[in-house]
Amino acid sequence: MKVIAGLGNPGKKYEQTRHNVGFMVIDELSKRLNISLNESKFNGIYGIGHFSNEKILLIKPLTFMNLSGECIRPLLNYYNVPTEQLVVIYDDLDLPVGKIRLRMKGSAGGHNGMKSIIQHLGSEDFKRIRIGIGCPKHAMDIVDYVLGKFTEEEMHHIQHSVDRSASACEKWIHTPFLEVMNEYN
């Protein structure tokens, strides 16, 4: 089974915010792969389906961003999936808006959702797709920025990066991640 987790915050208030690009990718994959997010367990919503002869688990943790590991670890345990079969999709302040970066492993880089996942998994050794949301241009508080909505211009770039991230995930289902990295980075 391959597991694709997108990070974000639950609730209408946070839809289409910078911090929720991971949820946007899971929603796109749900449509593309025809996998309904109709299961609920361990403080998350998820769906299981098949694509390209692989079993796929799509996850949106509902724990709020900073506690994402509290959902992902128990689901991996429940379905007996090793961390090597996990890819996590999340926002990145250090990348320009719309830029995506795939990595095989790495640190949390200051991202609290990733800190939680690394803490609960006990490892940094899992795949990730970072989606650039840029930095605030003025002395804006980081929390206000990441919980803010995209501008119309930014949304154009974000939609493109959501599509590319979903395509990268689809490719990973039947292609080694290193090859996917070479194509999408």
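**Close-up views of a predicted model**

**View 1. Helices α5 and α6 cross.** The axes of α5 (residues 152–172) and α6 (residues 177–184) come within 9 Å and cross at roughly 150 degrees. That makes α5 roughly antiparallel to α6 (angles over 145 degrees count as roughly antiparallel, under 35 as roughly parallel, 65 to 115 as roughly perpendicular, the rest as oblique). The α5–α6 crossing is right-handed (the near helix is turned clockwise from the far one by less than a right angle). Axes are lines fitted to C-alpha atoms, for helices over the stretch in contact, and angles run from 0 to 180 degrees between N-to-C directions. Helices (H or I, at least four residues) and strands (E, at least two) are DSSP runs, numbered from the N terminus.

The model is predicted: local features need pLDDT of at least 70, side-chain atom pairs count only at pLDDT 80 or more, and totals for chains, interfaces and linings use all residues. Residues are numbered from 1 along each chain as its sequence is written, and side-chain values use heavy atoms, with hydrogens and water left out.

**View 2. Residues where α5 meets α6.** From α5 come Arg164, Ser167, Ala168, Lys171 and Trp172; from α6 come Phe177, Val180, Glu183 and Tyr184. Contact means heavy atoms within 4.5 Å. By class, this contact has five nonpolar, one polar and three charged residues (Ala, Val, Leu, Ile, Met, Phe, Trp, Tyr, Cys and Pro count as nonpolar; Asp, Glu, Lys and Arg as charged; the others, Gly among them, as polar).

**View 3. The open sheet.** Seven strands run in the order β2-β3-β4-β1-β5-β7-β6, with mixed pairing. Two strands pair if DSSP finds at least two bridges between them. The edge strands, β2 (39–41) and β6 (100–103), each pair on one side only. Twist averages 25 degrees from one strand to the next.

**View 4. Strand β5 and its partners.** Seven of the seven residues of β5 (residues 86–92) are buried, so the strand is largely enclosed by the rest of the structure. Buried means under 20% relative accessible area (1.4 Å probe, protein chains only). β1 (residues 2–6) pairs with β5 in the parallel sense over four bridges; valine 3 stands opposite leucine 86. β7 (residues 127–132) pairs with β5, also parallel, over six bridges. Here tyrosine 90 faces arginine 130 as its opposite.

**View 5. β1 beside β4, and helices on the sheet.** β1 and β4 (residues 54–61) pair in the parallel sense over four bridges. Lysine 2 has isoleucine 56 as its bridge partner in β4. Helix α1 (residues 21–33) lies across β1, β3 (44–51), β4, β5 and β7, at about 145 degrees to β4. Helix α6 packs on the sheet too, touching β5, β6 and β7, with its direction at about 155 degrees to that of β6.

Technical notes: Buried means under 20% relative accessible area, exposed over 50%, partly exposed in between (1.4 Å probe, protein chains only).
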